[in-house]
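Please read the following points with the chain sequences and the coordinates side by side.

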Amino acid sequence: MAAEPAKVDPMHQFTIEPLFGSANWELAGYNIAFTNSALWMAISALVLWVFMLGGMRRQLVPGRWQMAVESFTGFIEDMLAANVGPAGRKYVPYIFTLFMFILFANMLGLLPLGVVGVHAFTFTSHFTVTGVLAVLSFAIVLIVGFARHGLHFFSLFLPHGTPWWMAPIIAPIELISFMVRPFSLGLRLFVAMMAGHVLLEVLSSFVISGGNAGIGYGIFIGIPSLALMVGICALEILVAGIQAYVFALLTSLYINDAENLH
Amino acid sequence: MEPEAAKLLGAGLAAIGCGLASIGVGNVFAKFLEGALRNPGAADAQQGRLFIGFAGAELLGLLAFVVAALLIFQ
């Protein structure tokens with residue numbers, strides 16, 4: 001019997017599994033096992049903490065590390081100042097945390113640690129995680145909106161200058177576009193990260209299967225696939241940055257709606 | 001046609017959406033570059049809007065991926 005061709009399952013990398021024998025931990029009937037997802041969340045929080053700690057020495061003439069941290073904080077501060085205005089300053093800590101956490105998560109997930117046997121897990125490729133982040137942003141928008149404007153916040157659904165006979169059409173559309181925000185926010189990040197990782201895995205299966213099929217296949221399929229993989233990896237680094245930026249940018253835009261109506 | 005085959009065909013057809021979204025994303029950046037080269041002074045201030053347009057165009061393409069994933073895995 002011929003050996004089964006080795007199959008690469010591109011979805012296997014997203015499996016969540018309990019670590020350190022914590023599979024049966026329970027709290028009030030719910031399983032709270034410490035999974036690889038939780039582990040990588042902790043790792044990215046730790047790396048982010050170290051990164052910030054190294055940069056917060058408050059030297060008058062900043063070193064390289066402090067410069068790196070300050071350029072990130074300055075970047076977020078500029079973004080909020082441009083999108084929300086002076087009222088946006090108090091959201092800098094939240095947006096900064098969100099941006100850096102997502103950025104570090106995306107980047108850590110791309111690290112080629114599989115070479116040394118550690119499998120990096122991109123927890124932003126799970127809708128549960130990005131969904132919670134999106135709901136967090138949406139909750140802040142709702143709380144700020146209702147706290148600042150009270151019931152006047154509902155005027156968000158009727159832009160200024162709408163003719164009265166258009167109101168019955170515009171209001172439901174605006175309402176839907178408002179309610180769909182947390183979904184689109186979470187879905188974008190999750191699908192972008194997941195699609196990229198699946199693509200890399202599929203290309204790697206081309207390299208492996210091509211190499212196993214013979215020297216000709218290896219040269220004509222394996223090598224081009226490998227070259228494409230390197231290119232896609234660069235693209236993935238770009239996507240990791242852009243998705244973190246887009247998440248932070250859209251959150252700040254939604255906060256702008258809550259702060260200033262429109 | 002068998003339902004399973006129809007599902008996979010549908011998933012393949014959903015990939016057309018990804019291609020169409022690529023046209024959209026290309027359009028967003030092309031138009032931005034066109035405008036930015038005409039008036040470089042105003043370009044930096046509009047980068048936020050560039051990425052809003054990019055996010056909108058990209059999301060609709062990603063939805064095609066979601067449709068395909070739902071068809072295959074459900």
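Predicted model: local features only at pLDDT ≥ 70, side-chain atom pairs only at ≥ 80, totals over all residues.

1. Residues are numbered from 1 along each chain as its sequence is written, and chains are lettered from A and ligands numbered from 1 in the order in which they are written.

2. The axes of helix H4 (residues 127-149) and helix H7 (residues 215-260) of chain A come within 8 Å and cross at roughly 15°, which makes H4(A) roughly parallel to H7(A) (angles under 35 degrees count as roughly parallel, and 65 to 115 as roughly perpendicular).

3. On the H4(A) side the residues that meet H7(A) include A:Ile140, A:Val144 and A:Arg148, and on the H7(A) side they include A:Tyr254, A:Ile255 and A:Glu259 (contact means C-beta atoms, placed from the backbone, within 7 Å). By class, this contact of H4(A) with H7(A) has six nonpolar, three polar and three charged residues.

4. Helix H1 (residues 36-55) of chain A packs against H2(A) at an angle of about 115°, with the axes 7 Å apart, which makes H1(A) roughly perpendicular to H2(A). The crossing of H1(A) and H2(A) is left-handed, and the contact is made by residues including A:Phe51 and A:Met52 of H1(A) and A:Trp65 and A:Val69 of H2(A).

5. The largest nonpolar core has 46 residues, and among those with the most contacts inside it are A:Phe99, A:Val191 and A:Phe247 (a core is a set of buried Ala, Val, Leu, Ile, Met, Phe, Trp, Tyr and Cys residues joined through C-beta atoms within 7 Å; buried means 20 or more other C-beta atoms within 10 Å of the residue's own). H7(A) gives the most to this core, with eleven residues. Leaving aside neighbours within four places in sequence, A:Phe247 is in contact with A:Leu98, A:Ile102, A:Leu185 and A:Leu189.

6. Between the chains, nine residues of chain B are in contact with 13 residues of chain A. The side of chain B that touches chain A has, by class, seven nonpolar, one polar and one charged residues.

Note on methods. Axes fitted to C-alpha atoms, helices over the stretch in contact; angles between N-to-C directions. Helix = DSSP H or I, 4+ residues; strand = E, 2+ residues; numbered from the N terminus. Parallel < 35°, antiparallel > 145°, perpendicular 65-115°, else oblique. Contact = placed C-beta atoms within 7 Å. Nonpolar A, V, L, I, M, F, W, Y, C, P; charged D, E, K, R; others polar. Buried ≥ 20, exposed ≤ 12 C-beta atoms within 10 Å, placed from the backbone. Left-handed = near helix turned anticlockwise from the far one by under 90°.
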